[in-house]
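Hi,

Here is the model we talked about.

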Amino acid sequence: MIKIDYDDRDVLDAIQALARRTSDLSQAMQDIAGVLADAVERAFDQEHDPATGMPWAPLAPRTIKARGGDAHPILQRSGQLASSIVTEHGKDYAIVGSNKRYAAIHQFGGQAGRKRKAIIPARPYLGLGEEDKGEIMDIVRGYLGGALSKR
């Protein structure tokens, strides 16, 4: 399993402010996990890095030829990677990821295949863009408002 920690100071500060007002963030974390999952789904649909918006590297000509000239969809020909994406959440965490052994090579890129001769470019599908961060901040602000009104 790969682990990517998300470290955006504004988002973390807001979540910590919420945590100071309530002991169980489960519902907020469930909503945040939904944002994480939506970002991954959008990445697969649009074939781009969810954090930067940059398009994924195109398939190699050899790969396109092996596919009978089909260059798309990237990372979704069998659908297994995209369908393996799951979320998990608890009172103080929200996670999105895949249990596929090959998930990391597509996220980070690197050498693969027999004798590690194939070079796989990074095609990040995990991550958050500015719009996603805004959604998370809105979720936290909404829960903060609710926590403040209960005082």
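Let me start with charge: α2 is the element that gives the most to a negative surface patch, with 3 residues. The patch is formed by Asp38, Glu41, Asp45, Glu131 and Glu135, and the elements giving it two or more residues are α2 (26-46) and α6 (130-149). Patches here are made of residues with over 30% relative accessible area and no salt bridge, with like charges joined within 9 Å and nonpolar side chains (Val, Leu, Ile, Met, Phe, Trp, Tyr) within 5 Å. Asp and Glu count as negative, Lys and Arg as positive, and His and the chain ends are not counted. Each charge is placed at NZ of Lys, CZ of Arg, CG of Asp or CD of Glu. Areas come from the Shrake-Rupley method with a 1.4 Å probe, and for residues only the protein chains shown count as cover. Helices (H or I, at least four residues) and strands (E, at least two) are DSSP runs, numbered from the N terminus.

Before you read on: this is a predicted model, where local features need pLDDT of at least 70 and side-chain atom pairs count only at pLDDT 80 or more, while totals for chains, interfaces and linings use all residues. Residues are numbered from 1 along each chain as its sequence is written, and side-chain values use heavy atoms, leaving out hydrogens and water.

Overall, the protein chain has 6 helices and 4 strands, running α-α-α-α-β-β-α-β-β-α from the N terminus. Its C-alpha atoms fill a box of roughly 65 × 25 × 25 Å along the principal axes.

Next, the salt bridges (a side-chain nitrogen of Lys or Arg within 4 Å of a carboxyl oxygen of Asp or Glu). The count is 3. One of them joins aspartate 132 to arginine 42, with the closest N and O atoms 2.3 Å apart. That pair links distant parts of the chain, as aspartate 132 is in α6 and arginine 42 is in α2, 90 residues apart. Aspartate 132 is buried at 2% relative accessible area, whereas arginine 42 is partly exposed at 26%. (Buried is under 20%, exposed over 50%, partly exposed in between; 1.4 Å probe, protein chains only.) Glutamate 130 also pairs with lysine 133, at 3.0 Å.

Cheers
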